[in-house]
Amino acid sequence: MTAIQMNAELLRNMSIIAEDENLLRRAAKYLRKLVAEKEDPTLMTKDEFFARVDKAEKEIAEGKGITFTNKDDMNAWLNSL
């Protein structure tokens, strides 16, 4: 489906939704969620994720990682962030 076809389908569906206030509210709420997902910096592609894992493994091998001997130390470190 081309972008033009998707836009046409979206507009057709929006004309139906626009006639029902409850559907319009639900659609607006869902669209806000979609926009928030797009803007979420934690979302990444599979390649970006594995690149970060590789970088972290390299840092650990170089001794740059953080280790904890118990959960209290870990919680204290997390609370300090």
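A residue counts as partly exposed when its relative accessible area falls between the buried range, under 20%, and the exposed range, over 50%. Phe 49, at 42% relative accessibility, is therefore partly exposed. Please keep in mind that this is a predicted model.

**Aromatic pairs**

- Two aromatic pairs are present in the structure.
- Phe 49 and Phe 50 make up an edge-to-face pair, with 5.1 Å from centre to centre and 75 degrees between the ring planes.
- Phe 68 and Trp 77 form a tilted pair, because their planes stand at 50 degrees, and their ring centres are 5.7 Å apart.
- Phe 68 is partly exposed at 33% relative accessibility, and Trp 77 is partly exposed at 34%.

**Salt bridges**

- How many salt bridges does a search of the whole structure find? The search turns up two.
- In one of them, the side chains of Arg 25 and Glu 21 meet at 2.5 Å, N to O.
- Arg 25 and Glu 21 are four residues apart in helix 2 (residues 21–39), so about one helical turn separates them.
- Are Arg 25 and Glu 21 buried or exposed? Both Arg 25 and Glu 21 are exposed.
- A salt bridge also joins the side chains of Glu 62 and Lys 64, at 3.2 Å, N to O.
- Glu 62 is partly exposed, with a relative accessible area of 43%, whereas Lys 64 counts as exposed at 57%.

**The largest pocket**

- The largest pocket holds about 170 Å³ of space.
- Helix 1 (3–17) and helix 2 are the elements that each give two or more residues to the lining of this pocket.
- Which residues line the largest pocket? They are Leu 10, Asn 13, Met 14, Ile 17, Ala 27, Tyr 30, Leu 31 and Leu 34.
- By residue class, the lining of the largest pocket has seven nonpolar residues, one polar and no charged.
- Asn counts as polar, because Asn is not on the nonpolar or charged lists, so Asn 13 is the polar residue of the lining.

**Helix 3 and what follows**

- Helix 3 covers residues 46–61, and at 1.5 Å a residue its 16 residues should span 22 Å.
- After helix 3 comes Gly 63, with a positive phi near 80 degrees.

- Where does Asn 22 stand relative to Glu 57? The C-alpha atoms of Asn 22 and Glu 57 are separated by 50 Å, and the two residues are 35 apart along the chain.
- Pro 41 sits in the loop between helix 2 and helix 3.
- With a relative accessible area of 76%, Pro 41 is exposed.
- From C-alpha to C-alpha, Pro 41 is 29 Å from Met 14, and the two are 27 residues apart in sequence.
- Met 14 is also one of the residues that line the largest pocket.

Note on methods. Residues are numbered from 1 along each chain as its sequence is written. This is a predicted model: local features need pLDDT of at least 70, side-chain atom pairs count only at pLDDT 80 or more; totals for chains, interfaces and linings use all residues. Side-chain values use heavy atoms; hydrogens and water are left out. The expected span of a helix is 1.5 Å times one less than its number of residues. A salt bridge is a side-chain nitrogen of Lys or Arg within 4 Å of a carboxyl oxygen of Asp or Glu. Buried means under 20% relative accessible area, exposed over 50%, partly exposed in between (1.4 Å probe, protein chains only). On a 1 Å grid over the protein atoms alone, a cavity is a set of points where a 1.4 Å probe fits but cannot get out, and a pocket is an open set with protein on both sides within 12 Å along at least five of seven lines; lining residues have an atom within 4 Å of a point. Grid points are joined across faces, edges and corners, and a volume is the space filled by probe spheres set on the points. Rings of Phe, Tyr and Trp (its six-membered ring) pair if their centres lie within 6.5 Å; planes under 30 degrees apart count as stacked, over 60 as edge-to-face and the rest as tilted.
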